[in-house]
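Please work through the following exercises with the structure in view. Each task is followed by a solution in steps.

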Amino acid sequence: MLDIDISKFENSVIKNLDKKNITKIVEFLAQHHCDYIEELFEDYLDIFTFDYNDFVNRFNVLNKKYNNNLIEEIREDMNILEEFYY
């Protein structure tokens, strides 16, 4: 079970979380061998508010930009996730 302090997030982020959507995104990340999903919840919870299809599209664009190595690049520098919002 994740122990996340949601008080650091805006109410709008919390209200926009959807369990089914989060599950789909987590499964997608797991399929891509992302081993820092808990850290994403702690620091970038708002990326889980993206609609699953939109998340996948943004991921694929960034993955291409980072030579199909996005998961490793994010592991080295989570600030890359800011590019999800462009």
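**Exercise 1: Overall form**

Determine how the radius of gyration of the protein compares with that of a compact globule. For 86 residues, a compact globule would have a radius of gyration near 12 Å, and the protein agrees, with 12 Å. This radius is taken over C-alpha atoms, and the globule rule is 2.2 Å times the number of residues to the power 0.38. The model is predicted: local features need pLDDT of at least 70, side-chain atom pairs count only at pLDDT 80 or more, and totals for chains, interfaces and linings use all residues. Residues are numbered from 1 along each chain as its sequence is written, and side-chain values use heavy atoms, with hydrogens and water left out.

**Exercise 2: The core**

Identify the core residues that touch the most other members.

Step 1. A nonpolar core is a set of buried Ala, Val, Leu, Ile, Met, Phe, Trp, Tyr and Cys residues joined through side-chain atoms within 4.5 Å. Buried means under 20% relative accessible area, exposed over 50%, and partly exposed in between (1.4 Å probe, protein chains only).

Step 2. The largest such core has 28 residues, of which Leu29, Leu40, Ile47, Phe48, Phe55 and Phe59 touch the most other members.

Step 3. Helices H2 (19-31), H3 (37-43), H4 (52-65) and H5 (70-76) each give two or more residues to this core; helices are DSSP runs (H or I, at least four residues), numbered from the N terminus.

**Exercise 3: A loop**

Decide whether Asn67 is buried or exposed.

Step 1. Asn67 lies in the loop between H4 and H5, and its phi is near 55°, a positive value in a residue other than glycine.

Step 2. Its relative accessible area is 67%, so Asn67 is exposed.
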